[in-house]
Amino acid sequence: MVEPRAKQKLIVIGNGMVGHHFLEQLAARPENALFEVTVFCAEPRPAYDRVHLSEYFAGRSADDLALGRIDQYRDWGYDLLLNDAAVSIDREKRTVTSASGVEKTYDRLILATGSYPFVPPIPGHEHGKCFVYRTLEDLDAIRAASENATTGVVVGGGLLGLEAANALKELGLEAHVVEFAPGLMGIQLDEGGSGLLKDKIEDLGVTVHTSTATELIEEVDSGRLRMQFKDDRELVTDLIVFSAGIRPEDKLAQAAGLQLGERGGIVIDESCRTSDGNIFAIGECALYENFIYGLVAPGYTMARNVVSLLCGEEASFTGADMSTKLKLLGVEVGSIGDAHGRAEGAAAITFVDEQSGIYKRIITDGDGRKLLGAVLVGDTGDYDQLLQYHLNDIDLPEHPEQLILPAADGDAPTLGAGALPATATICSCHNVSKGQIVDVVQGGCCSLGEVKDVTRASTGCGGCSALLKNVVDEELAALGMEVNNHLCAHFEFTRQELFHIVQVEEIRTFEDLLQKHGSGRGCEICKPTVASILASLWNDHIHHRPHVGLQDTNDTFMANMQKNGSYSVVPRVPGGEITPDKLIVLGQVAKKYDLYTKITGGQRVDLFGARLEQLPEIWRELIEAGFETGHAYGKSLRTVKSCVGSTWCRFGVQDSVAMALHIENRYKGLRSPHKIKMAVSGCTRECAEAQSKDVGVIATENGWNLFVCGNGGMRPRHADLFATDLDDETLVRYIDRFLMFYVRTADKLQRTSVWLENLEGGLDYLREVIIDDKLGLGEELEVQMANVVGTYQCEWKTAINDPEMLKRFRQFVNTDEPDEKIVFVEERGQPRPAREEEVVKIAEPA
Amino acid sequence: MTEVAITPTPWQPVCQRSDLVADSGVCVLVGDVSAAGPLAPRRSIALFFIPHAEQQLYAIDNWDPIAGAGVIARGIIAEVDGELTVASPLYKQHFRLRDGQCLEDPGIRLDTFAAAFDGDTVVIASMPDSP
């Protein structure tokens, strides 16, 4: 008989992004059950997103940046030791000992210790006002030091250094960058590119000192720091941040006698094994062919490979592409492959537009047939295409310069998705190849959204969204499937096109639109969609005669149908603020009509179990007490949730309740492609959970930060920070424009989150439209919104005063009897719908 | 009217023309409302009035067997492949108005009844159409 196999003991040292990715990948496999996993983490919290560390200063909290959660690790069955660094490895005994004295045995050990910031040994560098930029604790310390400061200096003009400079700027400091080398971002950019980057960054108010070596740092009388440079210049500052590169964290490996590189780094082979076969190293601590891969994507690749190896599969790491595209201080920068043209025989083509501040350079092989590298500053629009040429070794067109020249008449050669080989990586965040995308399309996924759901492509940074769409469209076309965005069989238009038609031709009824632009008699898809468009534009009462047959039942009866055909009633409670008297009325009404009562997530009270014929009477009582309809039944604004704000809370910095009331009262009644939720928080603690809403507003010392396109529910999406420190008026103007732009351009039943994901150009484009008014639509959107706001009516108030409308609220038009099929039983002191077997029991008297 | 008389004729009056809502549905209760006689069981029936269609009036069982609720009258009238249907408001299955057939589930068909105007009175057949 075979003994059950003992679990293999796995220890992971380090819980940064790569260490976390390793665990996440392992946990997703069935083989996870075969391992007993211990994780040592030196920091006080599980892994977080260091790539977006700077956003910590822009309002994102430690929780927002978190990648791993303690309970998640528990669910995976992993033992996570936080705040307990591993201090020694005994390779003979195969044990790891931690700072607190915990000793654990391993069969396999994974080193994911990452790197530490390099601090040049300048005399004075250990002063208390000198910082590094690596962990949340570092950022907290920088923030604290910035409070009474006016000036900050970053030493190091690389990628991270410029991020740090941006952070200092956001903290309100006058920022300087001191770089030893002659140019910024020397690794990624050539001279021309880095020169332009310097100009652009200086335009933004950051002073750049290149070719500048610091000799000495000393405190001067005022408690400030004086930096003495080699050329006798000097600079006085309040604080210094070192960001002069990273060094692999290899001390533990060194002490354990593992082979290191000459300049540090734990030497690994193609299977990420160190010189000890039982020990693997992944991420920035690992040295492969004398190179440290200081980006997260290659680290993730290493992590995935080791998981595969541990599960008995084959995998090898043979280096990774280090191309990058990013935005530094608002300046677009891209670097691909051999950016410096170091390869033998390399030839370069350069395009410079000094007027617009754009620099583009491509490096080709001697024959001009292959793309070896590229540098883009000021405009990275060509990045994706160039990267595909480079990564897939695709032959360049006859005149490769056309790839970077501005298109005279918009007919620049574009690389069709068809030209890419199946192995081409489309999404590098989630490592999705063109072949995988083609497979899922052939397997039956017929829309971009479905492909994203299944493959996760384009759900990371989103940079590949346009390319992904091309691949999907082309594959659908290849399969002979028409890429059909028609609303339904009755209208050969998208919702967006129909909206435009209705607006321009001032069409007022469904019948009219169907006659002029549709066919047939309409269906349950186009009728409510058109009703919503008509409401967004003209805002007639939804019971206005021509619109009656168009509404879903919830809109028709202005209540939410529940499973047994009864309805729930939700009066509006703006901002969640309610007087005791009104609260009592809700209780009285619920009691009188025997309604099940529940508090909603949107800070309102939901009353369940109303029969159709009871709705008008219930509303008559609610309206008399001063309530209005809550539109819980409509594709429209639901609630604006708020925290109590500065009026009561000792942490609040603005009156969040007043703002919530203002925007709820402004946008109530707005009909939209889908429901809309909003929230306002009075401080950065974010008790109103605004970042999970379509529109989230968070108070700052200086005004309001606006977040957009968040979502809870089935597919949660964290809202994006859209604009910061807005005054009341600007805030409302942006929300006006944002909402109307969404209403005009979204697909049917598309939430803002999915809308944004499918919006070409993404968040940047949305900012251009809303903030920079790139399309010149701003005023029109505001006027449209003003019309909706100005024509608001409480639909229930109108209905209860209109005998014709009230006729609809009859269960039977030929008798006043109630529907005997609707039966309630009591549970926990309240009614609930009877289940099928319970109904039978009631029907048969004992 | 609050009570429906059961007549021996195949037609029974159920409501007035003015009770109907154009391009939408209403619900009537038919059968032995006083529960005294054996003639016909009580049931609720959805009436759809589509003024511009060839057949203006449809009567179909109001009970949605998939949802287990009497809600068919509150569905949207939807044309599918040239046929008029009602989409149930709860789980959105389509039921063909002319014969009650559920388009999503061949095994489900709702009873339908002949319906007509007798002057301003709406009358429907006492017995459902045979399938």
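In this predicted model, helix 20 of chain A, residues 728–745, packs against helix 23 of chain A, residues 778–790. The angle between them is about 90°, and their axes lie 8 Å apart. Angles of 65 to 115 degrees count as roughly perpendicular, and the two helices are therefore described as roughly perpendicular to each other.

Which residues of helix 20 and helix 23 of chain A make the contact? From helix 20 of chain A they include A:Arg733, A:Asp736, A:Leu739 and A:Phe741. From helix 23 of chain A they include A:Glu779, A:Leu781, A:Met785 and A:Val788.

I turn now to the interface between the chains. The size of an interface is often given as the accessible area lost when the parts come together. Between chain A and chain B, the buried area is about 2,900 Å², and carbon and sulfur atoms give 50% of that area. Three residues deserve mention here: A:Arg521, A:Val813 and A:Asn814 supply 23% of the area that chain A buries against chain B, more than any other three residues.

How many salt bridges cross the interface of chain A and chain B? There are 3. A:Arg810 forms a salt bridge with B:Asp19, with the closest N and O atoms 3.2 Å apart.

Notes. Residues are numbered from 1 along each chain as its sequence is written. Chains are lettered from A and ligands numbered from 1 in the order in which they are written. This is a predicted model: local features need pLDDT of at least 70, side-chain atom pairs count only at pLDDT 80 or more; totals for chains, interfaces and linings use all residues. Side-chain values use heavy atoms; hydrogens and water are left out. Buried area is the accessible area (1.4 Å probe) that two parts lose on being put together, summed over both. A salt bridge is a side-chain nitrogen of Lys or Arg within 4 Å of a carboxyl oxygen of Asp or Glu. Axes are lines fitted to C-alpha atoms, for helices over the stretch in contact, and angles run from 0 to 180 degrees between N-to-C directions. Helices (H or I, at least four residues) and strands (E, at least two) are DSSP runs, numbered from the N terminus. Angles under 35 degrees count as roughly parallel, over 145 as roughly antiparallel, 65 to 115 as roughly perpendicular and the rest as oblique. Contact means heavy atoms within 4.5 Å.
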